[in-house]
Amino acid sequence: MTVANSPGQATDSSTLLRELAAHHHVVTTFKGWDGTPREVSDETLRRVLSALGVAVDTEDEMAASLAEGRLSEWRRTLPGAVVVREGGSHSVAVHTPAGEDATVFITLEDGGQRELDWPRVPAEELDLDGTLTARTLVRLPLDLPLGWHRLEVKCGGKQADTVLVVTPARLTTAAELAQRRAWGLMAQLYSVRSSRSWGIGDLNDLADLAALSGADHGAGFILINPLHAAEPVPPLEPSPYLPTTRRFFNPLYIRVEDVPEYAYLPAAATAQVEESARALSAANRSTDLLDRDATYAAKLAALEQVFSVPRSIAREQQFQRFCDLEGPGLESFALWSALAEKLPAGAPEWEQITGPDSSYVRGNEQDLAPRVQFFKWLQWICDQQLENVQAAARSAGMSIGVVHDLAVGVHPAGADAWMLRPVLAPGVSVGAPPDMFNQQGQDWSQPPWHPQRLADAGYLPYRDMLRTVLRHAGGIRVDHILGLFRQWWIPAGSAPGEGAYVHFDHEALIGILALEAERTGAVVVGEDLGVFEPWVQEYLGERGVLGTSILWFEEAETGPRLPEEYRQGALTTVNTHDLPPAAGYLAGEHVDLRASLGLLSRPVEEEREADAAAREAVLSLVRSRGLLPESGTGSDSVQQTVEALHSFILQTPSVLLGVSLTDAVGERQTQNQPGTGDEYPNWRIPLSGPDGQAILIDDLPSNHRFNSLANLMRDSI
């Protein structure tokens with residue numbers, strides 16, 4: 001084996017840099033939003049490679065890094081993880097001293113063992129630092145069961161092992177939808193309130209919404225925003241897509257009165273909680289921006305009182321079983337929550353709190369213990385109420401139930417960034433390059449997985465996150481699922497467009513997602529919008545992962561896509577939470593909003609003209625199908641158009657059809673404007689009707705718009 005570009009060898013620095021980038025799966029070119037190929041700058045490549053732990057400061061360092069990179073797999077007996085498909089033919093490269101036999105065996109998830117044959121002839125040999133090393137390809141059995149196993153090698157008195165994950169060749173959970181497809185509501189839970197809410201929609205409200213849409217209107221699922229945990233105490237980050245952790249849930253959504261121990265509060269404490277509930281319930285009818293902080297502060301105070309009530313023997317055993325199930329991950333999250341409650345972000349103490357075993361934690365363990373227990377208890381309550389919601393959904397006749405949303409990443413100063421630091425890449429954030437809808441690009445400020453370190457950790461942090469989210473889910477929507485193939489990494493301090501794509505082992509990440517979903521019976525929907533290579537959608541379909549189709553974005557060469565040309569394996573909707581509801585979109589309000597926020601890269605009149613033409617092309621196709629008359633005016637016309645658009649997607653073969661609750665009630669306001677922070681009140685808009693008045697879940701049974709659209713879906717599915 002020959003290693004080129006050794007230290008000191010003359011070579012063009014930029015060429016060497018790009019060769020090194022290719023070796024580490026960093027892409028050196030990308031297409032601009034206008035389709036023009038663009039080169040990634042040398043500076044961006046250097047900073048992205050540095051985030052991967054690659055030395056690139058000098059030409060000699062780059063040459064040495066490239067040489068070492070080519071040798072890295074030879075230096076380890078086994079890969080950091082082996083992920084394969086069930087029933088496939090797979091071999092694993094094992095590196096041992098040449099001439100030495102080895103014993104290779106698999107310890108199965110159930111404890112059984114399988115010894116493998118050791119080939120007598122290695123595939124390749126290499127003089128590695130004076131030691132002749134052999135690469136031997138060991139074939140895995142074809143009949144390995146699904147699951148998390150261990151591959152072990154013993155050679156010359158030494159032992160090595162790695163995770164061996166056998167994943168489904170194809171996820172089967174959506175198979176029945178081909179015979180009987182389903183429709184469902186899509187809702188931002190925090191914005192959907194009832195007369196019993198504390199100013200913010202909660203899990204009891206979700207159960208009611210599922211029961212109403214399932215039992216009365218034949219809905220098969222309800223898709224909600226991510227319920228991931230935010231900060232442990234106010235102020236809370238409003239975006240559900242910028243959580244502190246993706247593994248655990250936000251106690252903001254707990255219905256306090258549903259906790260069993262609430263019934264045993266002393267009278268004075270009960271009166272205090274009831275007063276808090278009454279005070280906050282006044283906000284349920286308000287159309288002011290949602291106040292998460294006020295609700296969460298009041299709920300925390302009430303929940304602390306409930307936590308102080310002694311649990312029955314059975315309840316205490318349930319709590320302990322939950323803690324055992326979640327293990328060290330829950331312990332670390334609760335510890336971080338207790339620390340974050342005590343120390344503000346940026347406090348100097350955080351410099352020494354590098355992890356759960358830091359000297360600061362050990363020195364304050366006794367003081368932190370009660371709060372750690374409280375934050376663990378909050379997660380148990382979330383888990384129990386989520387279980388009740390899914391049970392209510394299935395009881396109402398839903399074939400799928402609650403579909404949870406998985407955010408792309410986490411807050412850079414949150415719990416996951418602290419707990420999972422060893423498997424995250426420093427100095428970069430995930431985002432998106434400029435595209436037609438966001439011509440400045442986007443920086444989501446989220447630290448990415450480090451591809452190699454995640455693999456070396458056996459993908460366990462990724463698996464544990466999926467398991468917690470899927471435990472009481474009928475499905476999971478993976479936001480920006482293209483991030484499991486490649487991610488746009490932006491070096492700290494750079495503009496969103498000054499990034500580079502980094503490829504991930506999608507076979508491993510999609511396979512593990514399929515395995516964990518298969519085990520819980522959950523449907524998987526990937527949000528596969530944006531810039532991607534055509535084979536990606538084919539690959540997802542092959543693995544049984546449903547895609548996403550949005551009416552306004554579905555284009556063929558001749559114009560808007562005909563309904564019969566839509567994918568069958570997809571969740572098809574009229575719009576998305578990143579657009580205004582249909583009523584607002586039809587009026588072009590998204591263009592006005594982006595213009596007012598300075599998010600356009602061409603004159604606003606030009607943007608309006610192009611957008612109006614695109615909308616009219618869709619409406620013309622809808623009219624050609626006999627779903628919409630040629631003209632109409634007033635609010636009745638808007639409702640008629642919205643229903644016609646949904647009648648159009650009903651003509652597609654897609655197995656899942658989604659209806660935004662905002663469209664069902666005639667809302668016009670945008671929930672989220674991508675590319676903005678405080679410039680627009682993202683994720684703080686309460687559910688309202690076309691008249692601007694708040695709409696509660698209590699109002700839906702008598703809401704004409706809601707019933708008309710829901711019944712249209714029920715009767716046409």
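Guide: Rings of Phe, Tyr and Trp (its six-membered ring) pair if their centres lie within 6.5 Å; planes under 30 degrees apart count as stacked, over 60 as edge-to-face and the rest as tilted. This model is predicted: local features need pLDDT of at least 70 and side-chain atom pairs 80 or more, while totals for chains, interfaces and linings use all residues. Residues are numbered from 1 along each chain as its sequence is written, and side-chain values use heavy atoms, without hydrogens and water.

Visitor: How many aromatic pairs are there in the whole structure?

Guide: Phenylalanine 307 and tryptophan 377 form one of them, 5.2 Å centre to centre, with 55° between the planes, a tilted pair. A search of the whole structure gives the total of aromatic pairs: 15.

Visitor: How many residues apart are phenylalanine 307 and tryptophan 377?

Guide: Helices (H or I, at least four residues) and strands (E, at least two) are DSSP runs, numbered from the N terminus. Phenylalanine 307 belongs to helix α6 (residues 292–307) and tryptophan 377 to helix α9 (residues 365–395). The pair thus links distant parts of the chain, and the separation in residues is 70.

Visitor: Is tryptophan 377 buried or exposed?

Guide: Buried means under 20% relative accessible area, exposed over 50%, partly exposed in between (1.4 Å probe, protein chains only). Phenylalanine 307 has 22% relative accessibility, so it counts as partly exposed. Tryptophan 377 has 1%, so it counts as buried.

Visitor: Which residues form one aromatic cluster?

Guide: Phenylalanine 307 and tryptophan 377 form a pair. Both belong to one aromatic cluster, whose members are Phe307, Phe374, Phe375 and Trp377.

Visitor: What kind of pair do tryptophan 488 and tyrosine 501 form?

Guide: Tryptophan 488 lies in strand β17 (residues 486–491) and tyrosine 501 in strand β18 (residues 500–503), 13 residues apart. Both residues are buried. Their ring centres are 4.9 Å apart and their planes stand at 70°, so the pair is edge-to-face.

Visitor: Which ring does the charged end of arginine 292 sit over?

Guide: A charge sits over a ring if NZ of Lys or CZ of Arg is within 6 Å of the ring centre and within 35 degrees of the ring normal. Arginine 463 lies over the face of tryptophan 148, at 4.9 Å from the ring centre. For arginine 292, the distance is 4.4 Å and the ring is that of tyrosine 190.

Visitor: Which residue stands opposite valine 83 in β10?

Guide: Two strands pair if DSSP finds at least two bridges between them. An open, mixed sheet has 5 strands in the order β3-β10-β9-β5-β6, with β3 (81–85) and β6 (113–116) at its edges. Here 5 bridges join β3 to β10 (residues 158–167), and the two run parallel. Opposite valine 83 stands valine 165.
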